[in-house]
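Got your viewer open and your selection tool ready? Let's take a walk through this structure together, one stop at a time.

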Amino acid sequence: MFRSIILSSLFAILMPLQAQILQEVMPCRLLNGTTERVFSIYLPQGYDASASVRYPVLYLMHGGGEWHGAWDRYDHLSALADSLTARGDISNMIIVCAEANQGYMMYFNAYKDAEGTPDWQYEDYFFKELIPYIESNYRVRTDCGGRAIAGFSMGGGAAVVYGVHHPEMFSMVYGISGYLRRQPLEFLKNDPTGEWRQRVIEQNNPIKRIAEGTEEDVSRWRNVDWHVSVGDHDFTLEANMDMVKEFRDKHIPYSFTVHTGDHNHVWVSSMLPDVLKCADRQFTSGNK
């Protein structure tokens with residue numbers, strides 16, 4: 001009996017030392033009609049052991065029609081992070097998986113106009129509410145060198161656009177099969193909000209934004225570690241190639257990966273280890 005009590009007490013003590021991924025809820029006022037917003041957060045092993053340690057943070061943006069839990073459900077994020085950390089391939093980091101499918105499926109700001117489009121200011125929410133909430137409630141680094149962002153499909157496009165709009169915020173940006181501009185997609189034809197989403201995405205087209213960038217813009221973009229990956233059978237291949245051409249024309253350093261693959265989680269899962277390793281390299285390099 002005493003042995004059982006000791007073992008139970010020891011287990012209770014050790015439990016907080018384990019890595020964990022949690023679904024959390026935060027207050028929200030910038031998204032029209034929304035008072036609370038969910039997200040997932042991966043806390044590394046030992047997070048609860050010391051109140052003085054601050055960790056770098058990677059923000060992950062899911063694809064269209066998915067949710068914040070897709071990273072763990074389909075790509076086994078927590079198991080992957082645990083494994084890479086245990087092998088010494090990456091150092092401890094916090095990973096935040098944002099939610100962008102509740103309400104309107106959109107990562108950008110869209111304001112109500114004469115056509116009656118939704119008032120949905122997600123980019124403002126991300127930078128003015130989500131990041132400040134994470135930095136106020138979890139022990140994360142608050143410097144640019146301690147932040148990175150990545151995403152898949154719609155989320156990959158958002159990661160790139162956020163990096164273009166706010167290069168001072170991130171040390172690394174990684175777009176996996178990023179949906180970067182309007183494309184004629186069959187599955188959107190019967191979607192009542194499809195045209196609205198296409199229009200807002202095109203308004204935030206990072207390819208055009210980079211092409212039109214000033215010398216000052218380009219100088220700021222060169223401070224970011226840019227990574228682009230896409231499968232050779234992916235419908236976003238040409239758009240991602242066009243963006244890389246703009247990077248090259250502007251002499252902005254980048255990494256571009258194309259392998260056999262399509263627009264699915266087989267491809268995402270194959271690239272996610274590289275996302276975590278690239279983020280870690282920036283976190284540990286002391287850049288910015």
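Start by selecting Arg-182. With a relative accessibility of 37%, Arg-182 counts as partly exposed. A word before we go on: this is a predicted model.

**Stop 1: Arg-182 and its partner**

Arg-182 sits in the loop between S8 and H6, while Glu-195 belongs to helix H6, so the pair ties together parts that are 13 residues apart in sequence. Glu-195 is partly exposed too, at a relative accessible area of 44%.

**Stop 2: one step back to Arg-181**

Now select Arg-181 together with Asp-242. Here's another salt bridge, with side chains that meet at 2.9 Å, N to O. Which parts of the chain does this pair tie together? Arg-181 is in the loop between strand S8 (172–176) and helix H6 (194–203), and Asp-242 is in helix H9 (residues 237–249), so parts 61 residues apart in sequence are tied together. Arg-181 is partly exposed at 22% relative accessibility, and Asp-242 is partly exposed at 24%.

Arg-181, Asp-242 and Lys-245 are linked in a network of salt bridges.

**Stop 3**

Next up, select Glu-135 and Arg-147. These two form a salt bridge as well, with 2.8 Å between the closest N and O atoms. The pair links distant parts of the chain: Glu-135 is in helix H4 (residues 122–137) and Arg-147 is in strand S7 (residues 147–152), 12 residues apart. Is Arg-147 buried or exposed? At 5% relative accessibility, Arg-147 counts as buried.

**Stop 4**

Switch to a cartoon view and colour the strands. You're looking at an open sheet of 8 strands, in the order S1-S2-S4-S3-S7-S8-S9-S10, with mixed pairing. Strand S1 (20–27) and strand S10 (254–259) stand at the edges; each has a single partner strand, so one side of each is left without a neighbour in the sheet. From one strand to the next, the twist averages 20°.

Zoom in on S8 and strand S9 (residues 225–231). They pair in the parallel sense, over 5 bridges. Select Val-173 and look across: opposite stands Trp-226 in S9.

**Stop 5: the aromatic rings**

Time for the rings. How many aromatic pairs does a search of the whole structure find? The count is 17. For one of them, select Phe-108 and Tyr-162: this pair is edge-to-face, 6.4 Å centre to centre, with 75° between the planes. Phe-108 is in the loop between strand S4 (94–97) and strand S5 (109–110), and Tyr-162 is in helix H5 (residues 154–165), so the pair ties together parts that are 54 residues apart in sequence. Both Phe-108 and Tyr-162 are buried.

Move on to Tyr-122 and Tyr-125. Their rings are also edge-to-face, 5.1 Å centre to centre, with 65° between the planes. Both of these tyrosines lie in helix H4, 3 residues apart, which is about one turn of the helix. Tyr-122 and Tyr-125 are both buried.

**Stop 6: a charge over a ring**

Select Tyr-47 and Arg-139. The charged end of Arg-139 sits over the ring of Tyr-47, 4.3 Å from the ring's centre.

**Last stop: the cysteines**

Cys-97 counts as buried, at 1% relative accessibility. Now try Cys-144: its closest cysteine sulfur is again in Cys-278, 16 Å away, and that is too far for a bond. Cys-144 is buried, with a relative accessible area of 11%. A disulfide needs sulfur atoms within 2.5 Å, and by that rule the count comes to 0 disulfides.

Note on methods:
Residues numbered from 1 in each chain as written. Predicted model: local features only at pLDDT ≥ 70, side-chain atom pairs only at ≥ 80, totals over all residues. Heavy atoms only, no water. Buried < 20%, exposed > 50% of the residue type's maximum accessible area, 1.4 Å probe, protein only. Salt bridge = Lys/Arg side-chain N within 4 Å of Asp/Glu carboxyl O. Helix = DSSP H or I, 4+ residues; strand = E, 2+ residues; numbered from the N terminus. Pairing = 2+ DSSP bridges. Axes fitted to C-alpha atoms, helices over the stretch in contact; angles between N-to-C directions. Phe/Tyr/Trp six-rings, centres within 6.5 Å; stacked < 30°, edge-to-face > 60°. Lys NZ or Arg CZ within 6 Å of the ring centre and 35° of its normal.
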